[in-house]
Amino acid sequence: MVYNVLGANSGEIVTITTDTGGTLTITYEDGSCSANTFINNNVITFNSIGGGRLKIHSSNNFSTISFSHNGDGSGLLMTMCFDAVLASLGPTVTTTAMSAITSLAAMSGGNITDDGGEEITERGVCWNTTGTPTIADSKTSNGTGTGSYSSNISGLTAGTTYYLRAYATTSVGTGYGDEVSFTTTSNDTPSGSTMANQSECINGSVSGLSLTITDTFPGDNTFTVTAASSNTSIVANADIIITGSGNTRSIAITPVVDAAGTSTITVSIEDSLGEIGTQTFDVTFNDLIPPTLTAVADTEEDLDANCNFTLPDYTGLTTAMDNCGSASVTQSPMAGTVISGHGTVQIITLTADDGNGNTDSTTFEVTLKDVTAPTLTAVTDKEEDLDAYCNFTIPDYTGLTTAVDNCGTVTVSQSPMAGTVISGHGTVQIITLTADDGNGNTDSTTFEVTLVNLTAPTIVVQNVVKPLNETGSASITAEEFIVEGYDSCSMASIGIDRTDFDCADLGDYTITITATDASGNTTTETAILTLTGEDTDGDLIANSCDTDDDNDGTLDEEDAFPLDGTEDTDTDGDGIGNNSDTDDDNDGTLDEEDAFPLDGTEDTDTDGDGIGNNSDTDDDNDGDSDEEELANNTDPLDDTSFFVPGGEETPVTPILVPAQAFTPNGDGINDNWIIPGVENYSNALIKVYNRWGHEVFASKGYRNDWNATYKSNSNKLPAGSYMYTIDLANGTAPIQGWLFINY
């Protein structure tokens with residue numbers, strides 16, 4: 001807009017406003033304004049003629065601009081209205097609220113939200129005491145650029161009202177924020193820092209109390225500090241000593257000797273302008289503070305063997321501290337008190353007393369604990385009988401032991417528990433009995449239960465008929481006699497007293513059958529074994545094992561007719577037994593005439609020495625051999641005819657000829673077996689055998705005194721034929737023959 005100024009307009013004032021308010025900044029452009037034109041915000045004062053273009057900047061958006069003038073000049077005022085909103089051409093600034101207001105200073109600042117398109121070259125706050133301050137008044141300079149900033153305002157006068165605006169300057173001009181006002185404080189009363197009440201022991205002292213003085217005006221740190229006691233019988237004024245300078249002082253207080261009580265101390269602070277501030281606190285000289293005890297943790301204590309516990313002195317578990325010396329510690333219940341019972345909780349109170357009427361206590365719990373295990377009497381090992389099913393049900397054994405405890409009733413349990421079934425002969429079960437006192441203490445004792453099977457097995461037997469085999473023997477087994485057998489646990493074996501029969505007599509035999517179980521129990525039953533077989537002679541000895549089937553006295557192995565009791569020999573093998581044969585050796589000489597009826601090579605024995613002449617080298621037994629006698633023309637068959645060299649006779653040594661039979665019946669006649677000439681052979685060994693080849697008599701140096709006894713001379717041999725041998729122990733062949741014993 002262009003405002004033309006005519007002549008004679010000196011002193012004319014034009015006021016420019018907008019419809020939205022705000023701060024206006026007006027400058028000339030392309031005009032020739034005189035130096036007498038004054039622009040003060042939205043007010044223009046003209047003192048000369050001029051004209052030009054006005055450039056208006058507003059801090060607010062606006063749609064209309066109005067002009068008014070005072071009418072002092074003769075110029076023409078033009079008013080123009082704008083329909084469009086014109087943007088402010090200057091920066092947009094807000095003023096920060098006042099803070100930290102004192103008598104000489106304050107705090108404010110601003111916030112530049114829009115620089116109007118131009119660089120902010122300076123910012124800050126400006127103030128005065130009349131209002132609408134500008135940068136021509138007092139101001140701060142707080143940098144450049146947009147954003148918020150703080151301003152310290154100093155050099156103020158106490159008790160004065162000030163007006164302040166934030167500002168921002170660009171090349172276009174200076175924009176201002178809203179105007180705020182504030183009033184600095186008047187001169188304040190000095191104050192001291194708070195002094196805490198003091199408590200000390202009698203005859204103690206208070207020292208090192210720090211006093212900090214605060215006084216905004218005049219701020220010269222020139223203070224006079226004094227103190228007074230409200231109770232000089234406790235603290236004399238002269239005993240309150242204040243040291244230090246400026247804003248910091250130190251106070252020390254000494255009480256009257258032995259004085260006890262409280263005095264209020266009033267501290268007075270006077271500044272250089274005569275303002276006086278006071279601060280009070282109490283000083284007490286007395287022991288009003290109770291001692292302190294350190295805490296004691298709860299504890300457990302073990303009961304003794306009588307379920308009792310004697311309280312010890314616990315005062316050493318805590319530490320007593322007191323502000324005015326030492327404190328004594330007592331205990332309740334006192335040491336030596338006896339308490340009892342597992343789980344009993346005893347509260348112990350420890351009390352500290354400083355002797356000045358002040359006490360402190362701490363408590364803790366003592367819990368009694370039974371740590372003594374119960375005792376059980378020992379139980380000896382046991383044997384238990386198995387039932388008919390080889391089982392055993394464990395009974396309640398707890399009654400076998402006695403439980404004793406120091407603190408009450410004990411329960412006794414058993415493992416394995418009663419009712420448990422175990423089995424098997426010889427099984428060893430360990431039984432554990434455990435005593436529990438209910439307080440966590442146990443004791444156990446163990447013993448062994450050994451299972452014993454005392455039930456004998458059962459067997460049912462039968463009689464057995466058994467034929468002898470061709471060798472005359474028979475073997476039997478227990479199973480042949482068993483009809484049924486069983487045992488409650490297990491059968492180990494079934495046996496019989498005899499299994500083999502060799503050359504046995506025929507007939508019935510009692511057989512003992514024994515059943516033994518695994519536990520060693522036995523059952524014995526008997527049955528009859530009947531042995532059968534052929535028996536020619538009816539002596540109940542089967543032929544298969546009878547050595548003399550026809551019982552003729554001749555063993556079958558030697559009997560030519562083993563089944564004929566009248567015959568046993570057939571010397572010449574002509575099928576006719578010797579008893580019926582008249583010439584047994586079939587040598588042509590009848591037996592009745594034959595000196596050797598059984599020797600087909602001999603029939604004559606001139607000298608009767610038992611050696612037939614055909615074999616005898618000295619037929620007449622005169623000491624000269626037949627050959628010598630024939631050579632010397634003597635008769636070899638005549639013992640009186642023999643050759644005697646030198647006219648001397650040669651003695652003849654007789655040959656032994658044992659008796660072929662004797663009758664040891666005790667009648668004094670032929671009771672002993674006689675061997676003529678045996679006394680000449682002291683080392684001769686004589687043996688006699690029965691028909692089975694068993695030796696029944698033996699003697700060395702025989703004295704013709706055997707009477708058919710055997711088995712240590714206590715029994716007589718049965719009648720019958722017996723074979724003998726005679727060894728003369730001189731290098732000659734043994735003499736053999738048969739002997740018949742009859743009664």
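C390 counts as buried, at 10% relative accessibility, where buried means under 20% relative accessible area, exposed over 50%, and partly exposed in between (1.4 Å probe, protein chains only). The model is predicted, so local features need pLDDT of at least 70, side-chain atom pairs count only at pLDDT 80 or more, and totals for chains, interfaces and linings use all residues. Residues are numbered from 1 along each chain as its sequence is written, and side-chain values use heavy atoms, with hydrogens and water left out. This briefing concerns the disulfides of the protein. A disulfide is a covalent bond between the sulfur atoms of two cysteines. It is assigned here to a pair of cysteine sulfur atoms within 2.5 Å, and by this rule the count comes to three.

**Overall pattern**

- With bonded cysteines counted along the chain, the disulfides follow the pattern 1-3, 2-5, 4-6.
- Strands are DSSP runs (E, at least two residues), as helices are (H or I, at least four), and both are numbered from the N terminus.

**C390 and C489**

- The sulfur atoms of C390 and C489 lie 1.9 Å apart and form a disulfide.
- This link of C390 and C489 is right-handed, with 100° about the S-S bond.
- The pair links distant parts of the chain, 99 residues apart: C390 is in the loop between β33 (382–385) and β34 (391–393), and C489 is in the loop between β43 (482–486) and β44 (491–496).
- C489 is partly exposed, at a relative accessible area of 23%, whereas C390 is buried.

**C307 and C407**

- A disulfide joins C307 and C407, whose sulfur atoms are 1.9 Å apart.
- The angle about the S-S bond is 110°, and the link of C307 and C407 is right-handed.
- Distant parts of the chain are linked by this pair, with C307 in the loop between β25 (299–302) and β26 (308–310) and C407 in the loop between β35 (403–404) and β36 (411–415), 100 residues apart.
- C307 is buried at 8% relative accessibility, while C407 is partly exposed with a relative accessible area of 21%.

**C201 and C324**

- C201 and C324 form a disulfide with their sulfur atoms 1.4 Å apart.
- The link of C201 and C324 is left-handed, at -100° about the S-S bond.
- The two cysteines are 123 residues apart and link distant parts of the chain: C201 is in the loop between β17 (198–200) and β18 (206–214), and C324 is in the loop between β27 (320–321) and β28 (328–332).
- C201 has a relative accessible area of 14% and is buried; C324 has 27% and is partly exposed.

**A further cysteine**

- C126 is buried, with a relative accessible area of 0%.
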